[in-house]
Amino acid sequence: RRSICMSSGSAYVSALKSCLNEDTWDASRRGEGTSKLETRLENEAASSQSESHDTWLAAGRDGDVHCMQGEPNAAAFSSGPGETDLDALRKLRLAQLKERAAVRQRWITMGHGQYVRLTNEAEFLHKAPQHERMVMHLWDESLDCSLLHTHMEAMCKAHLETYFCALEATLAPMMMGMVNVIRLPVLLLCRSGKVVHQLTGIDSSFTTEGVAYEISQHKLLDFEEGTAYSRAVGGCTTGTAARGHAIDDLEGSDED
């Protein structure tokens with residue numbers, strides 16, 4: 001029994017080390033060039049982009065969305081004779097909207113749109129591979145962490161493409177030992193089950209939009225200016241605080 005427990009514990013540690021593998025972190029933290037993970041992701045993105053030119057969506061006569069190959073062709077999704085090009089374009093637009101709605105529904109089914117509180121490290125290991133993009137907040141009872149909770153709640157509703165969750169630091173002793181935590185709060189940015197970057201600390205002078213912008217710089221969410229977040233005052237990673245202050249100074253000089 002003892003050997004079984006030790007074996008199980010060893011497997012757990014190996015899984016946690018794999019998820020937090022240092023090679024998956026942003027290369028700039030280590031003073032190196034592009035990491036292996038970043039290179040792989042860039043190659044996959046380039047491949048996906050090249051493939052996307054050969055496929056497109058069309059609404060068929062049955063009202064369903066179909067993935068078509070080759071050059072876009074109005075006749076391929078025309079429902080009958082006498083239709084104009086405008087009618088065909090409307091059908092293509094309808095197909096695109098249906099596809100987006102299907103993706104949105106899939107995200108909601110997976111738990112996106114909620115700020116989920118995890119109960120232990122094992123749950124993190126279980127959840128991370130299920131989501132292409134995931135942001136986890138390592139937190140304690142400090143005021144900064146409470147402030148970041150507010151921003152995470154707002155972002156999860158505005159950015160369904162990303163899974164937002166939180167884990168109390170005291171419930172993650174092994175993870176805290178493996179991650180280089182200078183101070184809490186910490187955001188672990190995960191892609192397809194691997195931690196690719198971490199953001200440490202917040203600046204209370206910034207808004208939810210500022211936090212979202214910083215996360216988007218690592219391609220963990222799709223940032224758009226003007227996105228409506230719930231009214232929350234302050235809170236941003238220190239990385240964008242300087243950018244925010246520079247904007248404030250510029251606006252102040254314009255008023256003068």
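In this predicted model, Pro 185 lies in the loop that runs between helix H6 (173-178) and strand E6 (186-191). The peptide bond joining Leu 184 to Pro 185 is cis, with an omega of about 5°.

Backbone geometry also draws attention to two residues further along the chain. Most residues other than glycine have a negative phi, and most peptide bonds are trans. Ser 192, although not a glycine, has a positive phi of about 50°. This serine is located in the loop between E6 and strand E7 (194-200). Its relative accessibility is 48%, so Ser 192 counts as partly exposed, given that the exposed class begins over 50%.

A positive phi, of about 60°, is likewise found at Lys 219, which is not a glycine. Lys 219 is placed in the loop between H7 and strand E9 (236-237). With a relative accessible area of 58%, Lys 219 is exposed, because the value is over 50%.

Helix H7, which comprises residues 208-216, was examined for burial. Of its 9 residues, 7 are buried, so the helix is largely enclosed by the rest of the structure. The buried positions are Thr 208, Gly 210, Val 211, Ala 212, Glu 214, Ile 215 and Ser 216. Each of these has under 20% relative accessible area, because that is the cut-off for a buried residue. Lys 219, in the loop between H7 and E9, is by contrast exposed.

Technical notes:
Residues are numbered from 1 along each chain as its sequence is written. This is a predicted model: local features need pLDDT of at least 70, side-chain atom pairs count only at pLDDT 80 or more; totals for chains, interfaces and linings use all residues. Side-chain values use heavy atoms; hydrogens and water are left out. Buried means under 20% relative accessible area, exposed over 50%, partly exposed in between (1.4 Å probe, protein chains only). Helices (H or I, at least four residues) and strands (E, at least two) are DSSP runs, numbered from the N terminus.
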